[in-house]
Amino acid sequence: MNPKILKYTLFLTLALAHTLAGSSQAVYHHVSSRSIYEFLDEMAGERYIEVNAAVKPYTRKFIAGKLAFLRDSVATLNQRQQRDLEFYLRDYNKELLPGKAYKKRYDLFYYKDSLFTFSLNPILGLQYWSNANGSNYHRWNGAEVFAYVGEHLGIYASLRDNHEKTVLSNPAWLDPRAGAVYKSGQDYSEMRGGLTWDWKWGTIGLVKDHAEWGTNYHYPSILSARAPALTQIRLSLRPVRWFEFSYMHGWLVSGVIDSSRSYWFTNTYGTSYRKVFRRKHISSNLFTFRPLKGLQTSIGNSIVYSDTEVQPGYLIPFFLYK
């Protein structure tokens, strides 16, 4: 598809969303933060709240709303659950309360007024393994930021530099670790983020992020976060209580060299070969119905297509892709 056509399609979609009623913003909370997702699953399992666990990640606004309901409407949490709730509210009260006049987690920089919200924090982590055969480690560092502008616009970004003593990610290995495109040796970078437009019953965004589709305890069966984050148009609709719709169209990195488009070039650093990969895309949708309280059923389809430009038919969210 011509880039100008895609640009105008996104513009018209956002313009339509701007006319819809409702006041909210949305930034996605990454699926690697397992503890908050497990807590919400636990609360849903005890019938305190209802979530569509088949489609993740959730937005921070959605998570904050569920935590607020538990705080205000549920009086039967045990001591551990109450402590967990208080801990998570130290962060998610950013979506619920004005200013900083509450027990808040530490932020490197945080600002909020009636128009603009901004949060900036560093990222630093280490994993270490050791057994009789030796040791290994994975360390990462970077920063993450999210912001809300006005009543509908959300912005978020996360950049991490990673180093592994020994390569830990490989498409052929059957493990739950996220994949990586190594720059040199055992180093790789990971950039995630995007722009979202949210209204009362829906969200649309252009993001580079992971997605998990499929209800699971260990690993999702439809879409997983094991592949590197991909750039995608993401759409979620919740027009009525008993129905939810999810859609994504993504740009994949095939890793297959297109020799007819690759070429040699020379610059001040010398002569190099510019590898151009074959085009590859994915389009998926999922219809979720709630016929009874506590019961959810989903149906959908997806397609991966390659060697062509973006096809307009796969940008129609509700199609059967054949």
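## Accessibility and salt bridges in a predicted model

Q: Why is R80 called partly exposed?
A: R80 has a relative accessibility of 35%. Buried means under 20% relative accessible area, exposed over 50%, and partly exposed in between (1.4 Å probe, protein chains only). R80 therefore counts as partly exposed.

Q: What is the basis of these values?
A: This is a predicted model, in which local features need pLDDT of at least 70, side-chain atom pairs count only at pLDDT 80 or more, and totals for chains, interfaces and linings use all residues. Residues are numbered from 1 along each chain as its sequence is written, and side-chain values use heavy atoms, with hydrogens and water left out.

Q: What makes R80 and D84 a salt bridge?
A: The term requires a side-chain nitrogen of Lys or Arg within 4 Å of a carboxyl oxygen of Asp or Glu. The closest N and O atoms of R80 and D84 are 3.0 Å apart, and the pair forms a salt bridge. Both residues belong to helix α4 (residues 79-92); because they are four residues apart, about one helical turn separates them. Helices are DSSP runs of H or I with at least four residues, and strands are runs of E with at least two.

Q: How do you know that R241 and E50 tie together separate parts of the chain?
A: R241 forms a salt bridge with E50, with the closest N and O atoms 3.6 Å apart. R241 is in the loop between β9 (230-240) and β10 (243-257), whereas E50 is in the loop between α2 and β1, so the pair ties together parts that are 191 residues apart in sequence. R241 counts as exposed at 66% relative accessibility, and E50 as partly exposed at 22%.

Q: Why is D91 called buried?
A: D91 has a relative accessible area of 11% and is therefore buried. Its salt-bridge partner R105, with closest N and O atoms 4.0 Å away, is partly exposed at 32%. Both D91 and R105 belong to a network of salt bridges that also links R60, K94, E95, K104 and D107.

Q: What makes the N52–E244 pair a polar contact?
A: Such a contact is a pair of N or O atoms within 3.5 Å; within protein, one must be able to donate a hydrogen and the other to accept it, and residues adjacent in sequence count only if both atoms are side-chain atoms. The side chains of N52 and E244 make a polar contact at 3.3 Å. N52 lies in the loop between α2 (34-45) and β1 (55-56), and its 5% relative accessibility is why N52 counts as buried.
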